[in-house]
Amino acid sequence: MSTDWRRRGTALERAVASRLVAVGRALLASASSADSENSPGVSADTGDGEPRQPVADGGLGPDGEPPDWETEVTAETRETVGVGDRVSFSKEFADADIERFALATGDTNPLHLEERYAADTRFGGRIVHGGLVASLVSAALARLPGVVIYLSQEFEFREPLRPGERVTADCEVVEVLGGDRYRLETVVSRDGTTILDGETVVMLDEAPR
């Protein structure tokens, strides 16, 4: 019985890997034809017969970032960062983000990629990679003034995040450690529900001129 389970798991892993390779090739093809206004992008099956959103469906706002990204920062300069300063960053994790993360990291866990497989787990469907959710904290901190250098991060997951859900990372300075180092409390939430919380320590170097 255990042998049959391993065989099914191996077959599923091969299927997931094959699809990700196809997505990767399509991403490269899409990037090479980015100047074409009619580029269809990349889509894949979610398991329920509905196509996923294209990988290359974007467009940037006037600030050079996708229009659905939202940022708030209270500190204007590196020298003025202190206790109580906050930075937040919001975005939606689409299927395209999940597939790109799997391609970049090699994390092809079918819990994140295969709806039919994930439907039979305790989650009842696909969830976003934990590492991808945690990366939203990094995205928020990158918007602090100066050169942001990660020194440490600790966190716990409180709730799963579903593909297509919009989340916000909130980071607040709670301690100035000296030597341009700061400790921040970090929370990733969806509509007031905490997905992840913890703390991080960063160093803020002077930006190159």
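**Note on the predicted model**

1. At a relative accessibility of 30%, Trp69 counts as partly exposed, where buried means under 20% relative accessible area, exposed means over 50%, and partly exposed covers the range in between, with a 1.4 Å probe and protein chains only. The model is a predicted one, in which local features need a pLDDT of at least 70 and side-chain atom pairs count only at pLDDT 80 or more, while totals for chains, interfaces and linings use all residues. Residues are numbered from 1 along each chain as its sequence is written, and side-chain values use heavy atoms, with hydrogens and water left out.

2. On confidence, the average pLDDT of the protein is 82, and 70% of the residues score at least 70; pLDDT is the predictor's confidence in each residue, on a scale from 0 to 100. The stretch 1-7 has a pLDDT below 50 and makes zero contacts in the model beyond near neighbours in sequence, a contact being heavy atoms within 4.5 Å. The stretch 26-45 also has a pLDDT below 50, but it has 26 contacts in the model beyond near neighbours in sequence.

3. The protein has five helices and six strands, where helices (H or I, at least four residues) and strands (E, at least two) are DSSP runs numbered from the N terminus. Read from the N terminus on, the order of the elements is α-β-β-α-α-α-α-β-β-β-β. Among contacts between residues at least 6 apart in sequence, 61% join residues at least 24 apart.

4. Of the 209 residues, 33% count as buried, and the accessible surface of the protein comes to about 12000 Å², with 48% of it belonging to carbon and sulfur atoms. These areas come from the Shrake-Rupley method with a 1.4 Å probe, and for residues only the protein chains shown count as cover.

5. The largest nonpolar core has 30 residues, of which Leu141, Leu184 and Val188 touch the most other members; such a core is a set of buried Ala, Val, Leu, Ile, Met, Phe, Trp, Tyr and Cys residues joined through side-chain atoms within 4.5 Å. Two or more residues each are given to this core by strand S2 (86-92), helix H2 (95-105), helix H5 (130-141), strand S4 (166-178), strand S5 (181-190) and strand S6 (193-205), and H5 gives the most, with seven residues. Val188, leaving aside neighbours within four places in sequence, is in contact with residues that include Val133, Leu136, Val137, Val167 and Ile195.

6. The structure holds two aromatic pairs.

7. Phe89 deserves a separate look. Phe89 is buried, with a relative accessible area of 2%, and the charged end of Arg143 sits over its ring, 4.0 Å from the centre; the criterion is that NZ of Lys or CZ of Arg is within 6 Å of the ring centre and within 35 degrees of the ring normal. Not counting residues up to four places away in sequence, Phe89 touches Trp69, Leu136, Ala140, Arg143 and Val167, among others. The C-alpha atoms of Phe89 and Leu141, which are 52 residues apart along the chain, are separated by 8.5 Å.

8. Most residues other than glycine have a negative phi. Asp180, however, has a positive phi near 65 degrees; Asp180 is placed in the loop between S4 and S5 and is partly exposed at 35% relative accessibility. Asp191 has a positive phi near 50 degrees, lies in the loop between S5 and S6, and counts as exposed at 78% relative accessibility.

9. Arg190 is found in strand S5 and counts as buried at 17% relative accessibility. Leaving aside neighbours within four places in sequence, Arg190 is in contact with Pro160, Leu161, Glu165, Arg166, Val167 and Ile195.

Note on methods:
Rings of Phe, Tyr and Trp (its six-membered ring) pair if their centres lie within 6.5 Å; planes under 30 degrees apart count as stacked, over 60 as edge-to-face and the rest as tilted.
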